[in-house]
Amino acid sequence: MFPIVDRAVLSPTVARLTIQAPRIAQIRQPGQFVIVRRGPGAERIPLTIADGDAAAGTITLVIQAVGKSTSDLVEMQTGEALTDVAGPLGRATELIESGHAVCVGGGVGTAVVHPIAEGLHARGVRVTSVIGGRSREWVIFEDELRRHGEVIACTDDGSYGRPGFVTEALKDLLDAGDVDCVYAVGPVPMMRAVERLTRERDVPTVVSLNPVMVDGTGMCGGCRVTVGGETRYACVDGPEFDAHEVDFAELADRLGTYRDFEQAAMTRRGPCQLAPQLAEAGSSR
Amino acid sequence: MTERPILNPRERMALPRTEMPARGAGVRARDFQEVNLGFSQVLAAAEAERCLQCRNPKCIDGCPVRVNIPRFIELVAEGDLRGAATSLLDDNALPCVTGRVCPQETQCEGVCLRGKKGDPVAIGALERYVADWAAAHADELPHATPAPSGRRVAIVGSGPAGLTAAGELVKTGHDVTIYEAFHAAGGVLLYGIPEFRLPKDIVQQEVDRLRSDGVHLEVDAIIGRTWTLPELRAQYDAIFLAVGAGLPVFMNVPGENLKGVYSANEYLTRVNLMGAFREDAETPVLKGRRVAVVGGGNVAMDAVRTARRFGADEAMIVYRRGHDELPARREEVHHAEEEGIRFELLTAPLEVLGDEHGWVRGLRCQRMSLGEPDASGRRSPQPIPGSEFVLDCEEVVVAIGTRANPLLTHSMPGLTLNQWGYIVVDDEGMTSIPGIFAGGDIVRGSATVILAMGDGKRAAHAIERYFERVEALAATA
């Protein structure tokens, strides 16, 4: 069992769980993920590790409720335990050695980009993080990222930070001309927009993909993505790939395979109860 | 105990083979309950009488784990089920499993002397009967607690090879730990073989029995990620690698990434391990009305019969060779035919066709004819020009085999692999690294449960001899 030792509600559908998983905490690297199961009968959910503390033996997962299984996960409380946390899985991020990197995080992807920013900062790379959300309450991990460099927070509705999409802030940075690499994690449309911007300017770009997955070890092939015209498995060949080679249209399409099932399961379950908890936590954030 | 009739050889030879009762095809094709019903005590005793108790029993040689078949059958005939169970379990760590999934027709029953003139003894059905009796009467069976040997053995993978090796190694007092990547033990027995052929409770029983014998189990442990092989090697006196083949093979035709195309691994894992066959399951699986399963082996039969049970009106096998070449166990083909599975034989897929929303709408195929036997001895299929046609379907399951998963093997420098990435072993099952053994599909490629179990048993004995050599060496040093 993997006990939850700390929990916070970050956004109306996003929670942060800190989980006791000493072995994974000890060896995890930026970009790697785990597969978790809440309990008997539950789905296996792949989640990229957002943070960790080797000394305390904990890892941090930031989870967005999108279907039944993730809603069940974000509602778990400190003191409860997950039956399974398997990993660390996937390849570690290929971090650049020096220069200036821009880490782009959209929504819950902001948490996923955090270990990359941390890893880059640790080796002396200058990091600028461009993070965003629909509105103020969807901007997460700003303080964590600020430890590793400058942060430009953006909101679509202008309720916080720079008004507009992360891509607009990224465009300004790219136009300034000293960006050596971009790491982008977020919804597929965001990663796609980032990829278009950097392709025009020939800036290397890495994206972290989160396709449908069962085992996480290469056995099922469900996570296959087309990269550079070839089928690759996100679980063992990724989850990070060269953004300029990824077939995003296929990825977005395959992510919709179980949409009907997810909607039916959510109808049976009822909505995620995080938003009231966030309101309760109020301005303490 | 019933009075046993005394039969002369002629009377014995005259006894007809007792067939195991099965549920009717019409009923069973709509649910996931077990197809075969097993022998009753009366049927088992009657069938046991048919065994001739050959002086040189060929059936033992025909069995990859060398079960002393005549002996346990003799004990069944005598009504001594406790004795029969003890004898069987001594030879075979997973008899509930093998009694259900072994291809007996090519093994023990294939060489049974009675088969030369008529039907062989129903060894598989008898094994299943005795094994199920043993599971139901576990408390009545002798339970040895061997003295600890002081040696630690790690087993990587909890499929049939790993479980068998564990069962053998605890018998001699070794401290055995099995590492499993999934959240539950059983490997292909759990994720691959469906409930209707091998109920998961039975796999759990076998795993529980090994654990009560002292085998440790570490789930969620991916060797090659959570721990590397060199790290395990530093902690254990010997290691047995039984990770299976792992990676699915796709057809490499256009359209394979459309929604509705599954590898058999993914399809069966969702259904079996993740329980998608249950109404209240959290893990989803697509349930097409028309499902094409590509391949002709046991995995293909499992997938197509699963699709049928999910309500597919047309559950189809698409196989490029003919009926006689189907590699599946005979009983599976027979059961599939009874359940209304359509066989599109001598047919090869060329392309998966999709609709405007990215969902599968059909499989473009061509008809084949069989040419001369190829290097493997099988007649190779040749395309018939102008024979292209479209098979309408909403779902395609690709069951054409697996290949080696490099996740574990690449974590161990110095481990010799062949050109396909499978682990190379010597006659004893030892790899290029002393003390590290391997068996099952990661050595053989895609094989069967019982061959993997044979490897597990052989490796366990080889590990025993390896320890003796190490001890002898230490004594002379």
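Chain A of this predicted model has a secondary structure of 10 helices and 17 strands, where helices (H or I, at least four residues) and strands (E, at least two) are DSSP runs numbered from the N terminus. The radius of gyration of chain A, taken over C-alpha atoms, is 18 Å, close to the 19 Å that the globule rule (2.2 Å times the number of residues to the power 0.38) gives for 285 residues, so chain A is as compact as a globular protein of that length. Some values for chain A are listed here.

| Property of chain A | Value |
|---|---|
| Box filled by the C-alpha atoms, along the principal axes | roughly 50 × 45 × 40 Å |
| Buried share of the 285 residues | 53% |

A residue is buried if 20 or more other C-beta atoms, placed from the backbone, lie within 10 Å of its own, exposed if 12 or fewer, and partly exposed in between.

In chain B, Val176(B) is found in strand E2 (residues 175–179), and Val176(B) counts as buried because it has 29 C-beta neighbours inside 10 Å. Leaving aside residues up to four places away in sequence, Val176(B) touches several residues, including Val153(B), Ile155(B) and Val215(B), a contact meaning that the C-beta atoms, placed from the backbone, lie within 7 Å.

Residues are numbered from 1 along each chain as its sequence is written, while chains are lettered from A and ligands numbered from 1 in the order in which they are written. As this is a predicted model, local features need pLDDT of at least 70 and side-chain atom pairs count only at pLDDT 80 or more, whereas totals for chains, interfaces and linings use all residues.

Notes: Two residues are in contact if their C-beta atoms, placed from the backbone, lie within 7 Å.
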